[in-house]
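Subject: Structure for your review

Dear colleague,

Please find below the sequence and structure that I am handing over to you. My notes on what was found follow directly after.

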Amino acid sequence: MSIQSNLNTIKASLPEHVTLVAVSKTKPVSDLLQAYEAGQRIFGENKIQEMTEKWEEMPKDIQWHMIGHVQSNKVKFMAPYVTLIHGVDSLKLLQEINKQALKNNRIIDCLLQIYIAEEETKFGLDEKELNELLTSVEFKELKNIRILGLMGMATFTENQNQIKKEFTHLKSIFDSIQTLKTENCELNTISMGMSGDYQLAIECGSTMVRIGSSIFGGR
Ligand SMILES: *Cc1c(COP(=O)(O)O)cnc(C)c1O
């Protein structure tokens, strides 16, 4: 199957309120251009250097999403152009994003990554840390970031019940923080679901899916 037909099949299966992030990590620019020509304008990458190289080469009407774990000292490289940072999991990182956004005279949209999986390897905040962050004085002072919502990754397992439980948990956390909204929050986005589990994620309330291998093939 071609990238174009994979993309069209997936897009046709998504409800209108769900945004598709085409995850193009490790794939060459020629593959991204095929998706671009098929109409895709949102791409997700997990390494800042790779994303920046692709941003330089690709058309300028693309929205670049950082979906990987971000190190504070690398934020400055994407601050001029990144559209949405999915994996924010500390106040310290938010403060650095805010600082670099200010330098670039812009507001950078972010999602807070929540730890929902039963795995040691996944990054993210737990519910208590999330609440502490959102209610802290330091957070309210950050005028150059905007929190659009939450991001999470389910456990890598065949067990649909477990995945469903984890996605439902993320949705319930998302609902519970609506009352904590401050001026730098909009809280309209839940980024959950990848190639193997995006349909289930949408059933559980996802508004943004991050799909790589089902579009571009295996890595
Ligand atoms: C790679 C990646 C994806 C896409 O995974 P696929 O299984 O290829 O769809 C989604 N989210 C994150 C955070 C990723 O690193």
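Which residues does His86 touch, not counting residues up to four places away in sequence? They are Val21, His65, Met66, Ile67, Leu111, Leu112, Gln113, Met151, Ser191, Met208 and Arg210, where contact means heavy atoms within 4.5 Å.

Before the remaining findings, a word on the basis. This is a predicted model, in which local features need pLDDT of at least 70 and side-chain atom pairs count only at pLDDT 80 or more, while totals for chains, interfaces and linings use all residues. Residues are numbered from 1 along each chain as its sequence is written, and side-chain values use heavy atoms, with hydrogens and water left out.

His86 belongs to strand β4 (residues 84–88); helices (H or I, at least four residues) and strands (E, at least two) are DSSP runs, numbered from the N terminus. With a relative accessibility of 0%, His86 counts as buried. The classes are buried for under 20% relative accessible area, exposed for over 50%, and partly exposed in between (1.4 Å probe, protein chains only). The side chain of His86 also makes a polar contact of 2.9 Å with the side chain of His65. A polar contact is a pair of N or O atoms within 3.5 Å; within protein, one must be able to donate a hydrogen and the other to accept it, and residues adjacent in sequence count only if both atoms are side-chain atoms.

Thr83 is in the loop between α4 (75–78) and β4, and its relative accessibility of 22% makes it partly exposed. Not counting residues up to four places away in sequence, Thr83 touches Gln63, Trp64, His65 and Asp109.

Leaving aside neighbours within four places in sequence, the residues in contact with Lys54 include Lys25, Thr26, Val29, Leu32 and Trp64.

Helix α3 (residues 48–57) also gives the most to the lining of the second largest pocket, with three residues. On a 1 Å grid over the protein atoms alone, a pocket is an open set of points where a 1.4 Å probe fits, with protein on both sides within 12 Å along at least five of seven lines; lining residues have an atom within 4 Å of a point. The volume of this pocket is about 170 Å³, taken as the space filled by probe spheres set on the points, which are joined across faces, edges and corners. Its lining consists of Asn46, Lys47, Ile48, Gln49, Thr52, His69, Val70, Gln71, Lys74 and Phe77. By class, three of these are nonpolar, five polar and two charged. Ala, Val, Leu, Ile, Met, Phe, Trp, Tyr, Cys and Pro count as nonpolar, Asp, Glu, Lys and Arg as charged, and the others, Gly among them, as polar.

The buried residues of α2 are Val29, Asp31, Leu32, Ala35 and Tyr36. Seen down the axis of α2, they fall within an arc of 155 degrees, so they line one face of the helix; the arc is that of the directions from the helix axis to the C-beta atoms. Their cover includes α1 (3–13), β2 (42–45), α3, β3 (63–66) and α10 (213–216). Ser30, also in α2 (residues 29–37), is partly exposed at 44% relative accessibility. After α2 comes Gly39, with a positive phi near 105 degrees.

In α6 (residues 127–135), Leu130, Leu133 and Leu134 are buried. These fall within an arc of 90 degrees when seen down the axis of α6, so they line one face of the helix. Among the elements that cover them are α5 (91–103), β5 (108–114) and α8 (160–176). At the N-terminal end, Asp126 caps α6, with a side-chain oxygen 3.2 Å from the backbone nitrogen of Lys128.

Positive phi values

Two residues other than glycine deserve a note. Thr26 has a positive phi near 70 degrees; it lies in the loop between β1 (19–23) and α2 and counts as exposed at 53% relative accessibility. Leu187 has a positive phi near 55 degrees; it is found in strand β7 and counts as buried at 4%.

With kind regards
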